[in-house]
Amino acid sequence: MGKRLYVIAGEASGDLHGGNLVRALFAQAHGIKVIYYISPQVWAWKAGRVKAIKRNVDHMYVILPFEKQWYAEHGMEVAFLGHPLLDALPVHSEEHPGTEGAKPVVALLPGSRIQEITRMLPVMLSTVKHFPEVTFKVAAAPSVPETLYRSIIGDVPVELVGNGTYALLKTAKAALVTSGTATLEAALIGTPEAVCYGGGAVNVWLAKRFIKVPFISLVNLIMGREVVRELIQGDMAPNELRKELDRLLNDETYRSRMLADLHELREKLGGPGASAHVADRVWKSLRAIR
């Protein structure tokens with residue numbers, strides 16, 4: 001039997017894929033070369049897994065520029081060819097609401113899981129009463145019943161938007177976003193944002209004990225400095241959220257600096273076509289082992 005190639009595709013969220021590493025081990029044991037696309041977040045925690053990756057993966061393609069340096073420091077050469085989100089996301093509209101009498105829009109992204117929505121959305125909604133000149137819109141996750149959002153929103157004057165998060169971010173003047181992939185999506189679209197996170201006491205203790213990164217948002221991790229404010233635990237309070245939103249909406253110096261940083265972020269992640277570039281490399285690898 002001729003040589004074979006096995007391609008493992010992770011998820012853009014970068015979660016730890018223990019099953020994928022087991023598959024890589026099986027492939028290597030049977031003489032099959034392994035290509036892994038989208039690294040698990042071993043740089044955040046469980047760094048010891050890099051040993052298994054070095055042992056069982058022939059080529060790794062990463063989607064975050066700092067991952068290339070991290071792997072190099074751990075004795076493994078990987079390739080960064082861009083981020084696939086750049087093919088899917090629109091660019092922020094310069095003609096967003098806020099001129100000619102139209103109200104500016106603030107997007108509220110409370111997450112996609114019921115537990116985080118019930119924890120984050122009430123605090124986000126506390127800002128609404130302080131900004132009567134703003135239209136607030138809540139991005140609803142398609143997997144979550146609308147009744148849950150309605151029960152939390154009550155009579156707070158906000159709009160609920162389903163299946164249109166990217167379009168909402170494209171026209172929003174600012175956004176409050178629960179920590180996760182959505183923070184990078186908002187940043188790449190070009191929407192000034194604050195990153196929000198409030199977890200249970202046990203989760204926070206575990207995070208402080210095991211996570212080895214200085215920021216929780218990919219935006220700040222990629223840039224290597226604080227670009228967007230991270231409102232975590234005690235800072236995720238109504239008054240702090242109100243003050244940060246006021247800066248995002250009304251402090252032109254602050255907004256301009258963040259918009260420039262978000263533009264730089266897009267440049268750091270390369271141009272469009274990341275997945276196509278990886279596919280081309282994989283095709284060349286297939287041809288080389290025939």
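Biologist: Why is Glu-146 called partly exposed?
Modeller: In this predicted model, the relative accessible area of Glu-146 is 46%. Buried means under 20% and exposed means over 50%, so Glu-146 falls in between and is partly exposed.

Biologist: What makes the contact of Arg-150 with Glu-146 a salt bridge?
Modeller: The closest N and O atoms of Arg-150 and Glu-146 are 3.0 Å apart. A salt bridge needs a side-chain nitrogen of Lys or Arg within 4 Å of a carboxyl oxygen of Asp or Glu, so this pair qualifies. Both residues lie in helix H6 (residues 146–153), four residues apart, which is about one turn of the helix.

Biologist: Glu-116 and Arg-113 also meet in a salt bridge, at 3.4 Å from N to O. Is Glu-116 buried or exposed?
Modeller: Glu-116 has 14% relative accessibility. The limit for buried is under 20%, therefore Glu-116 counts as buried.

Biologist: How do you know that Arg-113 is exposed?
Modeller: Its relative accessibility is 56%. Exposed means over 50%, so Arg-113 passes that limit.

Biologist: Why are Lys-243 and Glu-240 about one helical turn apart?
Modeller: Because they are three residues apart in helix H11 (residues 238–250). Salt bridges that share partners join Arg-229, Glu-240, Lys-243, Glu-244 and Arg-247 into one network.

Biologist: What makes Lys-243 and Glu-240 a salt bridge?
Modeller: Their closest N and O atoms are 3.2 Å apart. The cut-off is within 4 Å, so the pair counts.

Biologist: How many salt bridges does the structure hold?
Modeller: The structure holds 10.

How values were computed. Residues are numbered from 1 along each chain as its sequence is written. This is a predicted model: local features need pLDDT of at least 70, side-chain atom pairs count only at pLDDT 80 or more; totals for chains, interfaces and linings use all residues. Side-chain values use heavy atoms; hydrogens and water are left out. Buried means under 20% relative accessible area, exposed over 50%, partly exposed in between (1.4 Å probe, protein chains only). Helices (H or I, at least four residues) and strands (E, at least two) are DSSP runs, numbered from the N terminus.
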